[in-house]
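This report describes one protein chain, part by part. Please keep the sequence and the structure in view while reading.

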Amino acid sequence: MMMIRSALAVILGVVLAFGGASEPRADEFPSRSIKIVVGFGPGGIGDIAARSVAQRVSDATGRPVVIENMPGAGGLTAAASVARASPDGYTMLLVSAQNVVNPYLFKSMPYEPGAFAMVSTIGSFHTLVLVRKDSPYRTIADLLEDARRNPQRVNIGTISAGSIQHLSALLFASAAKLDVPTVPFRTTSDVITALMGGEVQVAFEMTPAVFGQLQSGALRVLAVWSEQRLPMMPDVPTLGESGVPGDYQAFSWNGLVVPAKTPRPVVAKLNAEVVKAVADPGTQARLSGLGVFPQASTPEEMQGLWDTNARIWREVIAGAKLAQ
C-alpha cells in the first residue's frame, strides 16, 4: 500500500508539473494542421471564401489548413461542433450574420451564448433590392408609390424565413411604412424564378447570389442597403439616398471564430495570419469576383459587428414573431 501511495504521488507530481504542457504556446503555434469548419456544402460563397483564406494561411505558416464541410440545421451542426472543440486555435468556424441571428430564431440552441471568440472578418456582401430587367420600377420611389397605391399588387420575394434577406425585407417594409407581403422561398433560384414569372415584383438578395444575373442583365438593382455606394456598383444608389429612413445597413459577412477559451495570444496570431491572407491580391481578386467586398478586422471590431447585428435583428425577429 505504501508503494502504491508513493507511485500515485509521483504521478500526481508529474501531472501538476506538466499540466500546462497541453496549453498552446503562441510562439510555437501552429505546430500542426488547422481545421476550418464550414456549415455548408462545397462550392458556396462561404466555402470559397474559407478556402481562399485557408490556402494563404497555409502558405504563410507552412502548416496544412483543411476545410471540413458540415452542412445541416442551418449551420447549427457545424457551430455546435466547434463550440465543443478544444480551445487551442486548431479548430475554427466560418460564421456569417446568420450565426448572430440563430439564437433569436430558435428557443433551444445546441451551444451556450458566448461560445466563441472572434478572430477576424473575411468579407461582406450587401442586400440588393432587385427587379427584373423589364420591370416598370426604375427607382425605389416608383416601387414605394405603387406599393402604397396598390399594396395587394406588390409582393417581396426572399429566401427562407429568418434569413438575413428575409429580415432585411421586413425591416425595409417597416422603415418605408409599407403594408405588403414578404414571400419566403426555399432557394435563391426559386426567388429569381418567381421574380421573372411575376409571382413577386421585387426581391431582396445578397450580391454574390445574383452576381451572374446582374452581369448578364437579367436583373436590375434599384438600390443597395449600405451606408455608401458599393465600388462594384457605383451608379446604384443606397436606400438612404433613395428616401428610405433609418441608418441601418442590412448586409451579411463571413468571418472566423474559435472556441471561447482559446488563449488570447493564439487568437492574436490567427488574426494576424487571416488579415494577411485577406490582404493578399489573389484573395482580393477572387472574393471581389464573387461580389464579396474583402474586409478583415481585429477581433474587437468583429465583436462590435456581431453585437450591432444582434441588436438590429433581435428587434426585427421579435416584431415579426419569428422565434420558434
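## A buried threonine in a loop

Thr262 is found in the loop between strand 9 and helix 9, the latter covering residues 264-279. The model is a predicted one. Is Thr262 buried or exposed? Thr262 has a relative accessible area of 5%, and because the limit for a buried residue is under 20%, Thr262 counts as buried.

Two kinds of neighbour can be described for this residue. The side chain of Thr262 reaches the backbone oxygen of Pro259 at 2.7 Å. When residues up to four places away in sequence are not counted, Thr262 touches Pro87, Asp88, Gly89 and Val267.

## A buried serine in another loop

Ser226 lies in the loop that runs between strand 8 (219-225) and strand 9 (251-259). With a relative accessible area of 7%, Ser226 is buried. A polar atom of its side chain lies 2.5 Å from the backbone oxygen of Gln228.

Which residues does Ser226 touch, not counting those up to four places away in sequence? They are His126, Thr238 and Gln249. Ser226 and Thr127 are 99 residues apart along the chain, yet their C-alpha atoms are separated by 7.8 Å.

## The chain as a whole

The protein chain has 11 helices and 10 strands. Its C-alpha trace spans about 90 × 40 × 30 Å along the principal axes. Of the 324 residues in the chain, 49% are buried. Among contacts between residues at least 6 apart in sequence, 79% join residues at least 24 apart.

The chain exposes about 15,400 Å², and carbon and sulfur atoms supply 55% of this area. There are 27 positive and 26 negative charges, and the mean positions of the two sets are 4 Å apart.

## Nonpolar cores

The largest nonpolar core has 84 residues, and Ile36 and Phe172 have the most contacts inside it. Apart from this core lies another, of 18 residues, which includes Leu130, Ile159, Leu195 and Leu230.

Neighbours within four places in sequence are again left aside for Phe172. The residues in contact with Phe172 are then Leu143, Leu144, Ile156, Leu178, Phe204, Trp225, Leu239 and Val244.

## Helix 3 and its cover

Helix 3 consists of residues 76-83, and its buried residues are Leu76, Ala78, Ala79, Ala80 and Val82. What covers these buried residues? The cover includes strand 1 (34-38), strand 3 (91-96) and strand 4 (116-132). Helix 4 (97-105) and strand 9 also belong to the cover.

## Backbone exceptions

Most residues other than glycine have a negative phi, and most peptide bonds are trans.

The peptide bond from Phe29 to Pro30 is cis, with omega near -5 degrees. Pro30 is placed in the loop between helix 1 (2-17) and strand 1. Ala73, a residue other than glycine, has a positive phi, near 55 degrees. Ala73 sits in the loop between strand 2 (65-69) and helix 3, and it counts as exposed at 54% relative accessibility. Lys321 is not a glycine either, and its phi is positive, at about 55 degrees. Lys321 belongs to the segment after helix 11 (299-320) and is exposed, with 72% relative accessibility.

Conventions:
Residues numbered from 1 in each chain as written. Predicted model: local features only at pLDDT ≥ 70, side-chain atom pairs only at ≥ 80, totals over all residues. Heavy atoms only, no water. Helix = DSSP H or I, 4+ residues; strand = E, 2+ residues; numbered from the N terminus. Buried < 20%, exposed > 50% of the residue type's maximum accessible area, 1.4 Å probe, protein only. Contact = heavy atoms within 4.5 Å. Polar contact = N/O pair within 3.5 Å; in protein donor to acceptor, adjacent residues only side chain to side chain. Areas by Shrake-Rupley, 256 points an atom, 1.4 Å probe, with all protein chains shown as cover. Lys, Arg positive; Asp, Glu negative; His and termini not counted. Charge placed at Lys NZ, Arg CZ, Asp CG, Glu CD. Core = buried A, V, L, I, M, F, W, Y, C linked by side-chain atoms within 4.5 Å.
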